[in-house]
Amino acid sequence: MGRTVSVEIVYRGIFQKTLAKNISRGVVLAARRGGKVGIAFGRYGDSPERNGVPAKNFAIVAPDQDELELSMAQYEPAETDVTIAVDDTLCKGVESWAWYGLQPINQKVRPDGVLVVTSTLPADAIVEFCHRKPFPYRLAVIPAIPSFSGLWVYKNDHTDVRVLGTLAKVCPELVSLEAMLAAIKEEWKDDLKVTSARRAYEQTEVRVVRPDEGNPEVPYTFTLPGWTAMREGVTVEGMPLGAPMRVGGEVGGYRPARNPYFKKFSTRTMRPVVDFEKCVKCTLCWLQCPDGCFDVTPEQTYDLNADACCGCGVCAAVCPVDDCITMVNEAAFTDHRSQWERYKADPAAYAAWVRGMLAGQSERSHGFRYRGQYQEQIAKLRAGAGGEGGGE
Amino acid sequence: MDSSEMTAAPLPVLEPFKGVKRVPLEEYYTSGHRTCQGCESALVMKLMVKAAGPRTVVLGSTGCMYVANTTYYSTPWVVPWMHTQLGSAGSAAVGTAAGYKALMRKGKIKREPINVISFCGDGGGVDMGLSAISAALQHTEYNHLILLYDNESYANTDIQSSGSTPYGAYTSFSPAGKAKRILHRRWKKNVAAMLAAGHSECRYVGTVCASYAVDFMNRIRRALSIGGPTFIHSFDPCPKGWDCDPMMSHELGELAVLTGIFPLFEVLDHRLALYGKSKQIAEGRQKRLPVRDYLLKQGRFAHFTDDDIDYFQAKVDQMWTRWLVPGVLPFQADILGDKPPA
């Protein structure tokens with residue numbers, strides 16, 4: 001009869017809520033066709049979801065009702081057979097709320113389990129983002145621009161069924177391809193979606209990730225105080241006031257103190273790159289940033305704090321100078337170094353870095369900007385990838 | 001010194017910021033809140049306390065700005081903050097202001113100006129807490145500001161419609177269906193004008209939008225320094241509920257004003273004046289943009305047909321051409337059609 005299989009879907013809150021629901025629901029529907037039972041659920045702690053903040057859905061499939069109920073006593077599975085990251089920048093780690101720390105994307109993947117990622121990057125690049133595991137596990141990359149939409153209008157680019165088709169390949173004990181395709185056909189009544197799922201099944205390549213591969217950093221963690229350690233009346237200590245920046249011999253500007261328990265950067269999928277040569281010191285990026293993530297430098301320019309920025313793009317939208325602030329795919333960055341300090345250390349090298357960042361842009365967007373946008377994006381996908389996201 | 005001066009709580013002197021370069025660098029609401037990307041209400045919190053300064057106490061009723069700002073025993077607030085229940089922004093404001101006044105009168109704390117700001121979302125302010133806000137605006141002996149951050153739905157609990165949700169918007173309570181395209185048929189409440197008209201002793205009521213940050217902060221400073229209870233209605237684009245790219249928050253705030261959907265006005269000592277772009281629209285110096293420019297950029301209006309857009313436009317046109325005070329007071333007095341001789 002087999003054993004209980006756990007699938008975890010890590011997604012961007014709100015942007016991919018419908019996508020994650022479609023995947024977890026699809027898993028359970030397919031499992032039922034295969035004579036098993038299952039349950040799909042969102043994690044309570046993620047609610048209320050916020051745009052971009054990493055959230056999780058789960059699908060648990062068991063051979064019978066008793067086995068399923070056993071595993072339902074858990075808040076979330078301790079380990080998973082499959083973890084799905086529907087956005088590659090999640091592979092840098094996820095921080096879903098304060099005191100959560102930065103948790104590796106593959107944290108719950110069991111030995112010989114599989115991590116499935118949608119990305120336009122090659123598997124080797126994804127491996128570099130993921131924190132190391134002490135044992136080998138498998139990685140499958142679905143070639144796709146991560147699918148982002150919003151709460152009301154869904155971008156039907158077939159990412160949901162391509163993930164489902166891939167699941168049948170990488171975890172056959174979960175569900176057979178036939179059961180999966182039948183479930184997709186019944187749920188969406190769309191032959192193109194069935195074709196997309198089958199193609200994903202055929203094209204999936206799996207790579208083994210060794211323990212000596214990946215990001216060697218140990219991610220930060222916190223120990224949540226128990227109720228006896230909390231302050232009287234459960235009051236929370238306020239944040240201290242910030243202070244002027246001290247850089248080398250210079251003192252000036254302002255650097256706010258920041259909440260150490262929730263850094264928020266794992267919410268980010270795009271990062272602003274500031275060209276300090278073009279800055280006219282208008283203050284708008286700093287003033288309009290909802291997250292207060294700009295430090296005011298002694299020169300009255302504005303330096304992004306890469307721990308605090310959640311990548312909303314408002315700074316780039318309000319900046320009055322062309323190409324002064326540009327949003328760049330977070331996957332292109334390897335560290336959180338201060339851009340201003342880099343600029344001060346070597347302006348010429350910094351200018352070259354900015355040019356490189358702007359030139360190597362890969363496509364990303366954050367949901368609905370105008371009516372008809374998703375149709376245009378899907379048409380482009382079809383034309384570019386020979387039927388991808390819509391079949392023939 | 002007469003007895004009322006002895007007992008009245010002292011008021012701060014808060015001159016308007018003269019231009020964006022004079023805005024102080026200090027942040028009293030800092031990074032590390034679990035809000036959405038591009039959350040305009042988080043920006044409202046930041047600008048609100050930046051304008052008020054360090055001697056400020058903030059009270060927040062339940063909503064996004066409570067839940068997201070206290071994620072798991074941590075907070076971005078630098079100034080003291082307290083949570084209050086969903087309908088009690090008004091009661092909390094009066095109670096806190098009265099408490100400080102009493103402590104100062106009894107000599108238990110130093111006599112000094114302390115700003116009391118109580119904020120609520122549109123669920124807390126336009127629906128549930130409206131009566132408490134009304135009561136608070138009658139208690140003229142206490143100095144406080146009630147700030148309504150209006151993201152046009154119960155956004156924290158995943159976008160249920162409120163009395164502030166615009167006509168036709170897609171929400172959890174009003175999904176667009178095949179049989180019924182438009183489920184939310186109520187027109188948005190005009191809360192600031194309602195409160196101004198109904199509370200003749202309240203010295204300041206205003207509307208603001210954080211897309212115009214300096215104007216925004218100067219209205220906060222005016223409300224805090226005038227004395228007595230005051231009320232400000234802030235219009236906050238919400239990427240989650242409006243279904244828009246977070247980078248468009250600023251632009252949608254501007255568009256709501258430029259299309260005339262959300263007029264900027266203030267009632268200062270019972271004198272009503274439009275300001276900013278709304279004033280320019282009224283004076284014919286700024287073209288009022290078609291509402292289409294605003295509606296088509298949001299997923300919550302993606303089901304609108306041309307007829308729906310025309311209807312929305314007609315309602316906004318009516319606000320600007322037929323109302324006694326354009327965009328503010330919906331009365332259509334006969335006297336308008338019967339102009340007295342000059």
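Predicted model: local features only at pLDDT ≥ 70, side-chain atom pairs only at ≥ 80, totals over all residues.
Visitor: How many bridges join S5(A) to S6(A)?
Guide: Strand S5 (residues 109–119) and strand S6 (residues 137–143) of chain A run parallel. Strands pair if DSSP finds at least two bridges between them. For S5(A) and S6(A), the number of bridges is six.

Visitor: Which strands are at the edges of the sheet?
Guide: The open sheet has seven strands with mixed pairing, in the order S2-S3-S1-S4-S5-S6-S7 (chain A). An edge strand pairs on one side only, and here that picks out S2 (37–42) and S7 (206–209) of chain A.

Visitor: What angle does H4(A) make with S6(A)?
Guide: Helix H4 (residues 159–170) of chain A packs on the sheet, touching S4 (80–85), S5, S6 and S7 of chain A. Contact means C-beta atoms, placed from the backbone, within 7 Å. Angles run from 0 to 180 degrees between N-to-C directions, along axes fitted to C-alpha atoms (for helices, over the stretch in contact). Between H4(A) and S6(A) the angle is about 145°.

Visitor: Are H1(A) and H5(A) roughly parallel or oblique?
Guide: The axes of H1 (residues 17–33) and H5 (residues 177–188) of chain A come within 8 Å and cross at roughly 120°. Under 35 degrees is roughly parallel, over 145 roughly antiparallel, 65 to 115 roughly perpendicular, and the rest oblique, so H1(A) is, relative to H5(A), oblique.

Visitor: How many residues of the contact of H1(A) with H5(A) are charged?
Guide: A:Gly26, A:Leu29, A:Ala30 and A:Arg33 meet residues including A:Ala183 and A:Glu187. Nonpolar means Ala, Val, Leu, Ile, Met, Phe, Trp, Tyr, Cys and Pro, charged means Asp, Glu, Lys and Arg, and the others, Gly among them, are polar. Seven are nonpolar and one polar, and the charged ones number two.

Visitor: Which element gives the most to the side of chain A that touches chain B?
Guide: The contact takes 55 residues from chain A and 55 residues from chain B. S9 (250–255), H7 (284–288) and H8 (314–318) of chain A give two or more residues each. With four residues, the one that gives the most is H8(A).

Definitions and conventions:
Residues numbered from 1 in each chain as written. Chains lettered and ligands numbered in written order. Contact = placed C-beta atoms within 7 Å.
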